[in-house]
Amino acid sequence: MSVTEIFDNMEYGPAIESAKAAQDWLDSHDRSFDLFVAGKWQKASGGSFKSTNPANGEFLADIGLGNAGDIDKAVKAASKAMGKWQSLSCHARAKYLYALARLVQKHARILAVLETLDNGKPIRESRDIDIPLVARHFYHHAGWAQLLDDEFAGFKPLGVVGQIIPWNFPLLMLAWKIAPALAAGNVVVLKPAEYTPLTALYFCELCQKAGIPEGVINIVTGDGETGKALVAHQAISKIAFTGSSEVGKYITRETAGTGKQLTLELGGKSPFILFDDADIDSAIEGIVDAIWFNQGEVCCAGSRLLVQEGIAETVYAKLRQRMSKLRIGNPLDKTIDIGALADEVQLHQVQAMVDQGVDEGASLWQPDITLPNSGCYIRPGLLTDIDPASTLVQEEIFGPFLVAMSFRTPSEAIALANNSKYGLAASIWSENINTALDMAAEVKAGVVWINSTNQFDAACGFGGFRQSGYGREGGREGMYSCLKPSGLKAKKLGIFKPAKLKTTSPKPGQIDRTAKHYIGGKQCRADNGQSIPVINADGSLAGEVADGSRKDIRNAVEAATRATGWSRATAHLRAQIIYYIAENLQIRADELANRIRTMTGTSAKKASREVEQSIETIFTCAAWADKYDGAVHSPPVRNVAIAMNEPLGVLGIVAPQDNPLLGLVSLIFPAIATGNRVVVIPSDIHPLAATDFYQVLETSDLPAGVVNIVTGEQCALAKTLSQHDEVSGIWYFGNPQAVKTVQYEAAANLKQIWTHDGFETDWQSADIRQFLRKATQVKNIWIPYGA
Amino acid sequence: MIIDRNPGMKPDFDWVKTIRVNRSAVERRAATITTRRTVKQNWQAAWLLRAITNIDLTSLSGDDTQGRIRRLAAKARQPVRADVLKALGVQNLNIHPGALCVYHQFVKTAVAALDGSGIPVAAVSTGFPAGLSPLETRIREIELSVAAGACEIDIVIERHMVLTGDWQGLYDLVCDARKACGKAHLKVILATGELGTLNNVARASLVAMMAGADFIKTSTGKEPVNATLPVALSMVRMIRDYYQRTGYRIGFKPAGGISDAKTALNFMILMKEELGNDWLSPQLFRIGASSLLSDIERQLEHCATGRYAARHHQPLV
């Protein structure tokens, strides 16, 4: 076009970033890549697959297809490297991470271009967002590596960590996985996404340049089968996965009972809540950043717009106008807002979902903007006339489509926002600090952005609530996901069996007494009307307890679900009540000690000691209740980023079979001190300590439903508990036989499970802080400011 | 393109009070608007030529003389070297700045020096730059400048009115100025660097438009902070709202501190993205600048020859 013509039409022209260096690099490898194992390129045993550019279908390279044998080699290489890596000083590991940060910066441009070639995202994003965040992640974690011994005393690395990453932010997800794992002293086997392996392969060369010891980082490319092999490998201590909720559930089930730890960063349908007192023009740009960032292929995309009814039409009109300005096309063009979807499969899936939404009655609006003739492109869309019952409101589209609904009041906004199986992120727009912070506190999301969206930083933990997964990546909270307490016992936990019943009748003259469940602040009989005998260590009948069944669990969970006031109560109030429980337990110390002695057959001294320790533990939890503070992070923007510890909600607790009182209170009180409501299945061998204990609770002003106790056979009750979708997490310390079942069943709603993994727990010297961490999830709230 | 002149509207201060500008969000948009778009090669040349037509070539110094103003006028007649225009194939575009902007004292000199060129003369008026001389003298100054041949009048507002929320006072002031302008177009300088917040900037923008401004302008060039992208964004969003409410298109003039081609292009991208191509015409977009022209010339020479140009090869502004 001539200068004169352009002077007249004032259009934009092409501004293509050169791909020459990236293409030359691919050529230098003959466009064929092996696996990176033990610091060397090694042939894949499973053959190869092709990586193509989704923007134009061009072949990029042949990629090694790792199979189970390759995974085994990589895990062995990692295991071999582990000892030496862990014996390095913190400073030595920090220097390696620092070197990687520097190298990423020095190769920023070629990495950005490779990312765009492979994934289809606009070069502006790979250049200005992805790659700078990658470097930042390595810098930040070089710092944690340096500080590991001081800041994480009492913890040790997990071992070999298997990592599986998605195709939407290929190198960034690699950084999120590798940097903290290495900083904590772990070694890794990482499987990049099938669509987007190239930057990970380039990263291997950076590892060589940085002199990362052989085997510390292993990259095995491949497909879903490769990932399965990694998940199944016995020598893996942890799987860190980012991807779909479906695969997250698969991994949960596959690893059930294996003792492998999990961090899952899964899907989302994150609300974007817009109030009428917001800066609406800025909010419109926020929406652009929320859903038209990375083609909408973002797990935390603000894909559900909730707008106050009075401004809804104005907002939709402004939005349509803004959408007409979006430019779609060659992702290497610096003037492009939306590039290509990552693969044709993805394109068809997104289109099919949108078609379904329209079939269900949604109105779709798409701007009249030109698309390239070929490549995986799709016009962005705004879907209105849609409501919570619509598929597109419930399900993640993972493409550039926004669904929009209106609300009337803040409480309705929250009700709509939280009406989701997911809980990854939320964006809240209001100039009223009261409204904004109230929403931030109420919304179920791991990350909340006030008057902003899609802000990321290595210093702030990222991760979800509910079916968006668990564990955090980034910040101090992320480091805990890569470590375990160093004091864990390695002794297998046995299965406790009751003593043999010698006499079936109670002692003469005693009034017959059957302990009941404790549900919703009341003692209640078993739903099935049955009871089961409790046998003392000497074989005498200690009494009977209610024989819990599915319905008792249901009732207990209902009661706990309703007791929301406890989670909202002030920490001071919770502390007061917990102290009072300790006070009242003290009064009945002798009675409880006697009970423990006769039930378990332990010495009087040990039984008294267990009661004393229980009282002390309750005191410790009361003490912590108003001190388990969050943090204020320091991301490199002008804002306050608050990391708040929030309770999981309704927590299932399966108490140990031994230590009938201390084990019980060690689990209940950290949970309720942090605001959870609990459903407790006490020891099924010695349940009377729990049933005696609820009398203490009854006299201590504990609100109804905060603690609910259901007695009965642990394994069966635990299974029902783990099948209940209102339950957000389970602490399973009971009969080791049910660990696998509980973990497997929990996958359906991705409950957070914490178990003894079949090993003994040292209740006498347990660190309550570990329990507090497990009882909470971190919510990061970003609050930019500026008068 | 025919621009219907803004008649102003009855004051609606309820509207003014509902305006909310979130500074952090505006800054984020301003920071990315220029990383989302760029112009290269022929597009860069064309956009820079357009930028010249948007310039209010300005000299507002205490030491201005008739000679200095005549030199400025001569530069306005020939803003780019003929060989560069020829190399770019744009000799016929008749590129010249949007106006020449001077103090009242030099309006006559400028008008005479530009005679026959079609380039209008703009005068800064109303006790520039503080705007605090008696209202009568400020109004009289406008009338005298118009009488002397100024087609455009740049006035400054009284900042205290914004800082204390005296929207009625501001409205009346601009109405008076507009009346005194007659046919001459009125540009209202908000002196945004002295308004404290972007909320104030946006609200003052709206009041000025309600009172009949043809253009709203950021700065006198004499405040500590002049035209910035966040300020521009806050103002042009108000222009968009006003247009949507009334159907009248108001012009925008950033001024002060825009001295290189890259910055000028950034402002143009902002105009195109937020308001559309109409607002790239000199009827609706001006940049108050002087040294900017030299830098644009150098970039144009680079576009034409592929060589980086020396400053001393461009005729002095």
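**Exercise 1.** Determine how many bridges join strand 13 of chain A to strand 16 of chain A, and whether the two run parallel or antiparallel.

*Solution.* Step 1: strands are DSSP runs of E with at least two residues, and helices are runs of H or I with at least four, numbered from the N terminus. Step 2: two strands pair if DSSP finds at least two bridges between them. Step 3: strand 13 and strand 16 (residues 401-407) of chain A are joined by five bridges and run parallel. Within this pairing, Q308(A) faces F407(A) of strand 16.

The model is predicted: local features need pLDDT of at least 70, side-chain atom pairs count only at pLDDT 80 or more, and totals for chains, interfaces and linings use all residues. Residues are numbered from 1 along each chain as its sequence is written, while chains are lettered from A and ligands numbered from 1 in the order in which they are written.

**Exercise 2.** Describe how strand 12 of chain A is related to strand 13 of chain A.

*Solution.* Step 1: strand 12 (residues 270-274) of chain A runs parallel to strand 13 of chain A, with five bridges between them. Step 2: I273(A) lies opposite L306(A) of strand 13. Step 3: together with helix 11 (residues 280-291) of chain A, the two strands make a right-handed β-α-β unit; with the strands pointing away from the viewer, the path from the first strand over the helix to the second runs clockwise.

**Exercise 3.** Explain why strand 13 of chain A is largely enclosed by the rest of the structure.

*Solution.* Step 1: a residue is buried if 20 or more other C-beta atoms lie within 10 Å of its own, exposed if 12 or fewer, and partly exposed in between, with C-beta atoms placed from the backbone. Step 2: strand 13 (residues 302-308) of chain A is largely enclosed because seven of its seven residues are buried.
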